[in-house]
Amino acid sequence: MIIAIIILLVVIIVFLMLYNMSVHKKIDTFSNLNQKIVSLNVLQEFMDTISEEKSADEKIRKINEILIEKYDIKYSTIVVYNGAEYTIKATNVDTKHWETLKNLHAEEIFKDAIETATPKYITVDQEGERLPYQKMEFGRAKSAMFFPLYIDNIYIGYWIIESGQPHDFDKIDTTILEVVKNNIIAVIKTIEKQNVIENIVRDDKFSGLKSEEYLYGEGKRRIDYYDISAVCMFTITNIVEINEEYGRHTGNDVIRKVSDMVRRNIATEYVFVRYMGPKFVIVFTGIDIDGMSGFMTEIKKNLETMKIEQVEEDVYEGEEPQQVSPKINIVVTNYYKGTALEGTTKKLEEYLDSAEENESQINYI
């Protein structure tokens with residue numbers, strides 16, 4: 001009888017152990033599935049962020065905020081090498097720690113990780129200890145995972161996550177974090193071109209206007225606030241003649257005075273840039289071509305009745321300075337929010353380049 005009871009108890013214990021293992025397996029499966037769902041949602045939010053009308057830096061900061069929120073990370077920092085120095089692109093760590101965080105590539109403990117393109121996990125065992133890269137701080141981070149970032153086998157920086165608890169990342173699913181890291185790389189790669197455009201925007205020294213690149217960065221964000229805008233490109237058709245007959249200094253002065261005249265007569269919310277050479281672009285934000293035709297007719301008339309005196313450097317000794325007037329050819333079209341602005345300006349440029357040399361009118365396409 002006792003033996004039968006013992007056997008029954010053993011059977012029950014074995015059953016409970018098997019059942020417990022099955023439950024744990026289901027929990028792990030559910031946890032992994034949940035993490036995959038979270039990762040898919042994070043990826044979708046990444047893609048949504050990329051498509052937003054924000055600067056490249058704003059996008060990477062928002063992506064870091066998404067990581068912190070969705071994965072319940074205490075601290076997350078993305079550092080990128082810009083060709084001259086390491087810069088913190090996004091972090092939620094206090095600024096007093098930034099100098100340390102942007103120099104982790106020089107820390108001995110992370111050099112192998114960078115060389116082998118593998119993540120590095122470090123932690124402390126006791127409260128009184130600190131992580132090797134920490135100089136003066138004790139209480140902020142007790143665990144850290146360091147991920148080198150590579151684009152096309154080229155090292156471009158790193159992502160580091162930190163926790164205030166020792167051994168906090170011991171059981172974290174590193175495969176999920178690898179997916180996240182790859183998503184970060186994809187985002188950096190995607191917005192790299194946008195960053196280049198934003199960084200090469202300059203002020204033209206003759207006209208004082210922003211260059212063409214401004215249109216496709218900050219300018220486009222302003223333009224895409226509206227559903228429709230009229231894009232006008234005009235060119236000074238006789239600039240070559242002015243340069244040859246009256247001198248290049250005079251030609252530069254014509255460009256300067258044309259720019260000043262237009263700028264003084266358009267609203268500040270419109271985008272006005274020197275596109276290339278004698279070509280200029282005005283984007284009438286929130287207005288279609290029907291709403292600005294009368295204005296451009298008046299602008300054209302005012303420009304072509306200007307009398308600009310020949311610059312002194314271009315006047316030969318003993319001669320009187322001459323007066324010149326610009327001749328303007330204009331082409332206008334509608335731009336719709338979300339479409340390719342560079343495609344629109346390219347179409348206008350092609351029209352002006354193919355027009356007759358003596359053409360001087362307002363064309364709507």
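User: How many salt bridges does a search of the whole structure find?

Analyst: The search finds 11 salt bridges. A salt bridge here is a side-chain nitrogen of Lys or Arg within 4 Å of a carboxyl oxygen of Asp or Glu. This is a predicted model, so local features need pLDDT of at least 70 and side-chain atom pairs count only at pLDDT 80 or more, while totals for chains, interfaces and linings use all residues. Residues are numbered from 1 along each chain as its sequence is written, and side-chain values use heavy atoms, with hydrogens and water left out.

User: Which residue does D353 form a salt bridge with?

Analyst: D353 pairs with K279, and the closest N and O atoms are 3.1 Å apart. The pair links distant parts of the chain. D353 is in helix 10 (residues 341–354), K279 is in strand 9, and they are 74 residues apart. Helices (H or I, at least four residues) and strands (E, at least two) are DSSP runs, numbered from the N terminus.

User: D353 and K279, buried or exposed?

Analyst: D353 is exposed, at 51% relative accessible area. K279 counts as buried, at 11%. The cut-offs: buried is under 20% relative accessible area, exposed is over 50%, and partly exposed is in between (1.4 Å probe, protein chains only).

User: What about E304, which residue is its salt-bridge partner?

Analyst: K300, with the closest N and O atoms 3.0 Å apart. Both lie in helix 9, four residues apart, about one turn of the helix. E304 is partly exposed at 26% relative accessibility, and K300 is buried at 10%.

User: And K181, what does it bridge to?

Analyst: K181 forms a salt bridge with E178, the closest N and O atoms being 3.2 Å apart. They sit three residues apart in helix 5 (residues 174–199), separated by about one helical turn. K181 is buried at 9% relative accessibility, and E178 is partly exposed at 24%.

User: Why do residues three or four places apart in an α-helix point the same way?

Analyst: An α-helix has 3.6 residues a turn, so residues at that spacing point the same way.

User: Which residues are linked in a network of salt bridges?

Analyst: D253, R256 and K257.

User: Switching topic. Which residues of helix 7 are buried?

Analyst: In helix 7 (residues 239–246), I239, I242 and N243 are buried. Seen down the helix axis, they fall within an arc of 100°, so they line one face. That arc is taken from the directions from the helix axis to the C-beta atoms. On the other side, V240, E244 and E245 are exposed.

User: What do the buried residues of helix 7 pack against?

Analyst: Strand 7 (228–236) and helix 8 (248–265). Contact means heavy atoms within 4.5 Å. Helix 7 is followed by G247, whose phi is positive, near 105°.

User: How many residues has the largest nonpolar core?

Analyst: That core has 30 residues, and F234, I282 and M296 have the most contacts inside it. Strand 7, helix 7, helix 8, strand 9 (279–285), helix 9 (289–304) and strand 12 (328–336) each give it two or more residues. A nonpolar core is a set of buried Ala, Val, Leu, Ile, Met, Phe, Trp, Tyr and Cys residues joined through side-chain atoms within 4.5 Å.

User: What is F234 in contact with?

Analyst: Leaving aside neighbours within four places in sequence, its contacts include V258, V262, F272, I282, I330 and L352. Apart from this core lies another, of 24 residues, among them I63, V80, I161 and I188.

User: Now aromatics. How many aromatic pairs does the structure hold?

Analyst: It holds 14. Rings of Phe, Tyr and Trp (its six-membered ring) pair if their centres lie within 6.5 Å; planes under 30 degrees apart count as stacked, over 60 as edge-to-face and the rest as tilted. F146 lies in strand 4 (residues 143–151) and Y158 in strand 5 (residues 154–163). F146 and Y158 are both buried.

User: Which residues do ring pairs link into a cluster?

Analyst: Y81, Y86, F110, Y133, F146, Y150, Y155 and Y158.

User: Last one. Where does N153 lie?

Analyst: N153 is in the loop between strand 4 and strand 5. Its phi is positive, about 65°, although it is not a glycine. N153 counts as exposed, at 72% relative accessibility.
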